[in-house]
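Morning, everyone. Please have a look at the model on the screen, and I will walk you through it.

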Amino acid sequence: MRSTTSELNWSGTVTYTAERVLRPTSIDEAAEIVAREPRVHGLGTRHSFNDAADAPGVLLDLTAIPTDLHVDPDRRTATMGAGTRYGVVAPEIDRAGFALHNEGSLPHISLAGAVATGTHGSGTTLGSLSTAVRSFEVLGPDGATRTIDRDDPAFDGAVLHLGLLGIVTRVTLDVEPTYRMRQDSYGSIPWDTFTEHVAEVHASAYSVCSYTVFGDEVSEVLLKSRVPDGADDVDVPSELVGAPKLPGSPGDDHRTARDGSVGPWWDRLPHFPIDSVPSHGSEVQSEHFVPLRHAAAALEALRGMADRIQPHLHVCELRTMAADRFWLSPSQGEDVLCIAFTWKKHPAEVAALLPDLEGRLAPFGGRPHWGKMSSLGRDAVEDLYPRLPDFRDLVAAADPDRTFASAFGERVLGS
């Protein structure tokens, strides 16, 4: 086990307040820490842009525990260490003949962190990464392991848990037979044309992502198309709502191939190659989810503050996500448009913008990403999540002495 003194998140904009960060190399070692420490909280790959992963006492980093992948072809599941990064395990799952239904744009994040915060890829018919969870093992306050699966009445409340139910050590995911994909680039699309056809655009392939800075256009749309089983390729449109298919690029150290070439799912679903360093942390992020039926109106509302957004913005990526049943999911109950801002490293300026930005999304039920910057406090969050009282009861039953409590959980959730 190693104790590290690093106190910053990935972007260097959040300073952790924990006394120590411990990095056990086995689940038994992690269990011993949980059993002896009065306050413990899980820490993933530090890609949160708020203090959701921070807590007093000890932060427990499980990324050094071996992946120990087990693929069960009969049950169509893959079980692995929760600290494993998607980019590490996805090729292994593929070599076993199977695939995940989706991945995030960044393959360097951990399974446990992605699942606990509702992180997602893109696809109008695809659920978040949390929806692939079949079961997971979690260390309770006494260090004992409990398994929570889909037969558990509390499963829908426990999967997306923000680290407040315990330390997740292993996760079992649904898998399916492996498949191949291609990625094609289209653009640009005039703003009014895009907003008129936003749902159509995002339903035009297995996974779709669009980019804008809230000017007169959407500059690029990426179609990630799934190749049918047994086929060598799949037909893609020559244009998208009038925008031509671009030559694209074959991929490099920074981006996956966008030239229509066919490759494995794990190298086409993310935007960044698994062996790359996608960024040097020169950014902060916020992300906001609105029902897909309100997509055009919500985007127009944000465009009204474009002159204030643009000086601090790298780019805004638009994605979609299918509805699910998880109590704290941003897509609980309804398909959503995900409005993801990659801001310049201007945390104070972005924080000053967010109250107005989120206020403009409030009429559409805008929900924030749990791992990114937001101005919303407990009262606003309470209104957005009708099952939040049930989640508080779940946390109180699992952790009566508040071993896993965090300042974020208390401030935003009252848990």
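I will go through the cores, one arginine, a few strands and the cavities.

First, the ground rules. This is a predicted model, where local features need pLDDT of at least 70, side-chain atom pairs count only at pLDDT 80 or more, and totals for chains, interfaces and linings use all residues. Residues are numbered from 1 along each chain as its sequence is written, and side-chain values use heavy atoms, with hydrogens and water left out.

Now the cores. A nonpolar core is a set of buried Ala, Val, Leu, Ile, Met, Phe, Trp, Tyr and Cys residues joined through side-chain atoms within 4.5 Å. Buried means under 20% relative accessible area, with a 1.4 Å probe and protein chains only. The largest core here has 56 residues. Ile-93, Phe-136, Trp-265, Leu-328, Trp-370 and Leu-413 have the most contacts inside it. Take Leu-328. Leaving out residues up to four places away in sequence, Leu-328 touches Leu-160, Leu-162, Trp-370, Tyr-385, Leu-388, Phe-391 and Leu-413. Contact means heavy atoms within 4.5 Å. Another core lies apart from this one, with 40 residues, including Phe-49 and Leu-353.

Next, Arg-258. Is Arg-258 buried or exposed? Arg-258 counts as buried, because its relative accessibility is 6%. Arg-258 sits in the loop between strand S17 (243-244) and strand S18 (259-264). Strands are DSSP runs of E, at least two residues; helices are runs of H or I, at least four; both are numbered from the N terminus. The side chains of Arg-258 and Glu-220 are joined by a polar contact of 3.4 Å. That term means a pair of N or O atoms within 3.5 Å; within protein, one must be able to donate a hydrogen and the other to accept it, and residues adjacent in sequence count only if both atoms are side-chain atoms.

On to strand S20, residues 313-321. Seven of its nine residues are buried. S20 pairs with strand S21 (residues 336-344) in the antiparallel sense, over eight bridges. Two strands pair if DSSP finds at least two bridges between them. In this pairing, Leu-318 stands opposite Ile-339. S20 also pairs with strand S14 (residues 207-212), again antiparallel, over three bridges. There, Thr-212 has Cys-316 as its bridge partner.

Last, which helix gives the largest share of the lining of the largest cavity? H3 does, with four residues. Strand S8 (133-139) and strand S10 (167-174) each supply at least two. A cavity is a set of points on a 1 Å grid over the protein atoms alone where a 1.4 Å probe fits but cannot get out, and lining residues have an atom within 4 Å of a point.

Notes
Buried means under 20% relative accessible area, exposed over 50%, partly exposed in between (1.4 Å probe, protein chains only).
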